[in-house]
Amino acid sequence: MASNPPRDRPPPPAPEQPPWPPIQPLESDGPPSDRRPPLRPPQIVVATVVALGFGALLGSGALVGLAERQPLSTQRDVALGAAKVADRVAHGLSLNRPAERLASALDGEEAVYDVEALIARAQASAARTTDPQPPLLAEDPETEPATSPAEPEPPPVEPEDAPDAAEPEPSAPEAAEPDASEPDEPGEVDPDAGPPPDGFITPIEGVDCVAEDATAPTTTTDGGSEPPEEPGPDEGRSEPEGTPSPVDVPGQCPPGFVLSDPSAEPDGGTPEPPLFDAPRTPDADQPLQMYVGGDSISRDLGEGLARITPAALVRIDLDPRPATGLSRPDFFDWAHHLAGILTESRPDVIVVLFGANDFQNVEHEGEILDRFGDEWLELYRERVSRIMTLLSQPETQTVWVGQPPVREPRLSGGLERLNTVYAELAAEYPQVTYVDTWQLFSDSEGGYVDEIDDIRLRREDGVHLTIDGGNRLAEGVWGVIGPAWGLG
């Protein structure tokens, strides 16, 4: 029987291919290498210069400002010249337009304030006292000054009863003799009593003055004593021209009087400044509005005041302007800026601190004035006086804070000279109180120190203050403000 031949079977179907392409193995681990050649050092330098130049053109106005604030020197002239060239190029290419438009949008149009009108108002409301009145003048209008008693009228003389020429005239009118039965109270002056008798006491702000004993011997330098010289017929008590009279110095006795108790004289012979006559007492509804401005150190002061003052009763407007001062109104005009503060904000208290950037040469009327010269000092006094006059607005207390010493000796000596100007001029303005801070940040000899009682007060630069230093400065300033407004 024949067998059937085998049938051809179809091959098995091929496996289905996946929808994604097959994964090819990498030739090496990691990302593919960058086949671009690395930049060579010259190319790096060129790229850096181009980037800096493009950035300088975009902010050319800021470069000009940075150069202008530098102290007058050859370095400043070079920097300012380069910045102005960059600014002209940027203006020509319109690269500085975005920065200018952004600054204009943020700042808006600068208002113009009438500084001279505010100065005139201050002078009219709180007149400057160029010659301080002697403190012995009584508040009572019926009391006359003891230094200028009324001259007693001579007794009438009839022609037929004229006294003999040989008879001596009375040494003192009878009216000048005190009545033992009714002694006058200390401080009262009878206008018809003639010159004050020996032992007459004149109150001077809590310091008693008595008539000087002309016969008392004076002590010589070698410890001995000698009788006083008899004045000549033409000699008086007036000092030579240009010498300040003791009557013009607050806290001292007038000519012919001495302190009854020398220990009662205030430290240094300078009386404590009178408290500001505050127009109101601040409360939570109407807190005390305080403005604090000046150079960069005023930030340390303002932040310290914010920490130590009652937050519910005091509102502080902190306005530090680094690298500014009164020497360079061409860079920043503080008179115009403060005029805006007085016009817009009208604070109750103005606290200012200048000087850290002021001791530098200045240009005035086309001439460079050296910071160590008399002309420079006179110009600076005029600018300080103008600011003090501007700030002497009615019902406004102004506190002018002196600079503490700094680490650099030459700058510290300059600040000491500026503090002398502040103190002398502030004494002529009733509404300006000068606060001396030198001893708060110095050793027993007045030298610079970083720490006091193991508390660091100064930062690493030897100029600015730490938080503890700011608090220490603020406490000294608040000691003048708080009691005046009933918040001390």
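Modeller: Angles under 35 degrees count as roughly parallel, over 145 as roughly antiparallel, 65 to 115 as roughly perpendicular and the rest as oblique. The model is predicted: local features need pLDDT of at least 70, side-chain atom pairs count only at pLDDT 80 or more, and totals for chains, interfaces and linings use all residues. Residues are numbered from 1 along each chain as its sequence is written, and side-chain values use heavy atoms, leaving out hydrogens and water.

Biologist: Why are α5 and α8 called roughly perpendicular to each other?

Modeller: The axes of helix α5 (residues 115–125) and helix α8 (residues 374–391) cross at roughly 70 degrees. The range for roughly perpendicular is 65 to 115, and α5 and α8 therefore belong to that class. Axes are lines fitted to C-alpha atoms, for helices over the stretch in contact, with angles from 0 to 180 degrees between N-to-C directions. Helices (H or I, at least four residues) and strands (E, at least two) are DSSP runs, numbered from the N terminus.

Biologist: Which residues of α5 meet α8?

Modeller: Contact means heavy atoms within 4.5 Å. Among the residues of α5 that meet α8 are Leu118 and Ile119; on the α8 side stand Arg386, Thr389 and Leu390.

Biologist: What makes Val314 count as buried?

Modeller: Buried means under 20% relative accessible area, exposed over 50%, partly exposed in between (1.4 Å probe, protein chains only). Val314 has 6% relative accessibility, and therefore counts as buried. Val314 lies in strand β7 (residues 314–320), and its contacts include Pro287 and Trp478. The C-alpha atoms of Val314 and Pro287 are 5.2 Å apart.

Terms used: Lists of a residue's contacts leave out its neighbours within four places in sequence.
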